[in-house]
Amino acid sequence: MSERTLYDKVWDDHTVQELPNGQTQLFVGLHMIHEVTSPQAFGMLEERGYDVAFPDRTYATTDHIVPTEDRSRPLEDEQAETMLSALEGNVEDHGVEFFGLDSGRQGIVHIVGPELGLTQPGMTVVCGDSHTSTHGALGAVGMGIGTSQIRDVFATGCIAADKQDVRSIEVSGTLGEGVYAKDLVLTIIRELGVEGGIGYVYEYGGEAVRDLDIEGRLALCNMSIEGGARAGYVNPDEKTFDYLRGREYAPSDDDWDEAVEYWRSIASDDDAIYDDVVEIEGDGIEPMVTWGTNPGQVVGIGEEIPEPEETNDPRAAREAQDHMDVSPGDTMEGVGVDVVFLGSCTNGRLSDLREAGRVLEGTEVHDDVRALAVPGSQTVRSKAEEEGLDKVFQEAGFEWREPGCSMCIAMNGDSIGDGELCVSSSNRNYVGRQGSESGKTVLSSPATLAASAVRGEVADPREVF
Amino acid sequence: MPEQDTKAVRRVAGTGVPLRGDDIDTDQIVPARFLKEVTFDNMGKYAFYDARRDDDGDMNDHPLNTYTGNVLVVNDNFGCGSSREHAPQALMRWGVEAIVGESFAEIFADNCKSLGIPTVTLGADEVDEIQTLIEDEPDTPLEVDVEKERVVAGETEYNADVTDAQKEALVEGIWDTTALMRSSLDRAKDTYDDLPYTDW
């Protein structure tokens, strides 16, 4: 059969049956769980007397509530200790493999899945976390789900799902020096809106996307949900196969050729039919930063902040500019910075630490700035230390922390103070997101963040290299 | 096979809570610091916790403080952001039984369906009309009819959109899909066996 997208093929291969409610029962190839959204689902499962149907397709780690400094047990925060203990008990009871604090492999779910080779092309991947779209970077279909759906997956290995339309996003050209996947995805969200992807899965393609390495693609797909698209993917190619080869849970040499053959076969056909096609020019994209309180309120670093009336939602823009204390006509470049947070499932990978490190090497964080580097996983952290990046960060004045979601969601004690402005490599600049209702978040790439840390104000990384 | 304990949700009647604003995210609906509980039991008191309070912690004039209805009337892209089911759990436990809006974020709408909460959509002007009507007259009777795909506000009837899956699930009372899919576990195992990667 031809004319099919990767999404069509993955959908067909995982369809168990059509349900009487009109939905499709879709098999789940990889179910990742963490401590915040799974305990209620385990509770529901036990109430009904079910076991976990496919424990071998289920993997757990802990990320949202884990401290990034003192991790001795019991954890100092009693609620966090309760959540972590509950997860430890549940995975033990149900035979689920767990990458815990002492495993050497703990980290943010969307960092751990790809880097261990658990995420593979052609799989359906679900997790009780909206950033599950990340896994699409390897040619998988990753979807965030709620806790009742987690219960479904535990009990049945499946979700009840509605098929979405597919929008092809073709990015032409080449990203310039100092411009990254993060800048590209912020550009896409600005173009298509934070709600533009509702009802769609995004397929990212074109020269600029093919040129991205896998970690860049992970950052790109990660923020699909910020554009309203539950899933986003890149067709698998040689880079994908090279990335996976030799990873702990990737197919072994004996199965490798068969795997690659399958992975090639599930890529979108050349004549695949899309429900919508959007073209974006990659050439002119600047380092991008948010000026507002949602990830679509974005400008180029040297571009003027828009008049509220020029935006599609003037009232929201006005409120956002009030909150952020920025004015139309000004640029974000030069806005004073109190905190920088390098980490998260968007930009907590080794390449992100390297890019920030490249800016920081031989220089120092501004006296007025508190700077945190939080590697996305223990694997990332140890690889970074092998390269001496921990020294680069510490010598520049960053705190070098243990892995977790940290200040992206501020559930673990890492948070910004009232009124503080944080340049963050994370994915959401919602009011209150980083732990203070009056705090302000500016989303950027790791390089822009590092340049801003040095300058003490939002800065263009191209001027600091 | 355990019996399904869900019931049909064909129609929700009551009064409304107008909650204006596009892109209201789940971090606003339940701030992340309240997610550190292993059950949903307390979520009702966390609904819009920060938005409902002023800087001194006193209750402000947020719609959840000033209205008592069971039908939330919202604007565009409601429930965007995090997948936390804590958000609809909080609204449900606060007393929301149905939500009418311009559009809903997908994961949020799915979570609502899992809890038997209809999320039906109307045009922007129609939503504004209903919000204004409730603001002028909070006791205006409001009815969300999932089966007939309509919303009745006072004397006015609106044709609403309900997705097929949601309609089928709610009207037939099969919105809890666990037992339904568990009864086909052998078919799921067949799919598992057919997928090449489960052997690698």
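Which residues of H5(A) are buried? Keep that question in mind as you read these notes on the predicted model.

1. **A covered helix.** The buried residues of H5(A) are Thr147(A), Ser148(A), Gln149(A), Ile150(A), Arg151(A), Asp152(A), Val153(A), Phe154(A), Ala155(A) and Thr156(A). In other words, 10 of the 10 residues of H5(A) are buried, and the helix is mostly covered. Have a look at what comes next in the chain too: Gly157(A) follows H5(A), and its phi is positive, near 70°.

2. **Where the two chains meet.** Chain A brings 69 residues to the contact, and chain B brings 52 residues. On the chain A side, the elements that give two or more residues are helices H1 (6-14), H2 (39-47), H3 (78-94), H5 (147-156) and H10 (253-265), together with strands S1 (15-18), S2 (24-27) and S8 (158-161). The helix from the first point returns here: H5(A) gives the most to this side, with seven residues. Sorted by class, the side of chain A that touches chain B holds 28 nonpolar, 27 polar and 14 charged residues.

3. **The domains of chain A.** Chain A is divided into domain 1 (6-161), domain 2 (165-281) and domain 3 (290-464). Taken over C-alpha atoms, the centres of domain 2 and domain 3 of chain A are separated by 24 Å. Their contact takes 17 residues from domain 2 of chain A and 15 residues from domain 3 of chain A. On the domain 2 side, H6 and helix H8 (214-222) of chain A each supply at least two residues, and H6(A) has the largest share, five residues. By class, this side of domain 2 of chain A divides into seven nonpolar, three polar and seven charged residues.

4. **The largest nonpolar core.** This core has 212 residues, and those that touch the most other members are Leu220(A), Val340(A), Val73(B) and Val100(B). Helix H6 (residues 181-192) of chain A gives the core its largest share, seven residues. Not counting residues up to four places away in sequence, Val340(A) touches Val369(A), Ala371(A), Cys422(A), Val423(A), Leu449(A), Ser452(A) and Ala453(A).

5. **An antiparallel sheet in chain B.** Four strands of chain B form an open sheet in the order S1-S6-S7-S8, with antiparallel pairing. Why is one side of strand S1 (11-14) and of strand S8 (156-159) of chain B left without a neighbour in the sheet? Both strands stand at the edges and each has a single partner strand, so one side of each has no neighbour in the sheet. Direction ignored, neighbouring strands of this sheet are turned by 10° against each other on average. S1(B) and strand S6 (residues 142-145) of chain B are joined by four bridges, and Ala13(B) stands opposite Glu143(B) in S6(B).

6. **A parallel sheet in chain B.** Another four strands of chain B form an open sheet, in the order S2-S3-S4-S5, and here the pairing is parallel. Strand S2 (16-18) and strand S5 (119-121) of chain B are at the edges with a single partner strand each, so one side of each is left without a neighbour in the sheet. The twist averages 20° from one strand to the next. Three bridges pair S2(B) with strand S3 (residues 71-73) of chain B. Pro18(B) has Val73(B) in S3(B) as its bridge partner, and Val73(B) is also among the residues that touch the most other members of the largest nonpolar core.

7. Strand S10 (residues 200-205) of chain A pairs with S11(A) in the parallel sense over four bridges. Tyr202(A) has Gly232(A) in S11(A) as its bridge partner.

8. **A proline in a loop.** Is Pro121(A) buried or exposed? Pro121(A) is buried, because 28 other C-beta atoms lie within 10 Å. This residue lies in the loop between helix H4 (109-115) and strand S6 (124-127) of chain A. Leaving aside neighbours within four places in sequence, Pro121(A) is in contact with Leu138(A), Gly139(A), Ala140(A), Pro236(A), Thr240(A), Trp263(A) and Ile266(A). The C-alpha atoms of Pro121(A) and Asp237(A) are separated by 9.7 Å, with the two residues 116 residues apart along the chain.

Key. Residues numbered from 1 in each chain as written. Chains lettered and ligands numbered in written order. Predicted model: local features only at pLDDT ≥ 70, side-chain atom pairs only at ≥ 80, totals over all residues. Contact = placed C-beta atoms within 7 Å. Nonpolar A, V, L, I, M, F, W, Y, C, P; charged D, E, K, R; others polar. Pairing = 2+ DSSP bridges. Axes fitted to C-alpha atoms, helices over the stretch in contact; angles between N-to-C directions. Core = buried A, V, L, I, M, F, W, Y, C linked by C-beta atoms within 7 Å. Buried ≥ 20, exposed ≤ 12 C-beta atoms within 10 Å, placed from the backbone. Domains from an automatic or database assignment.
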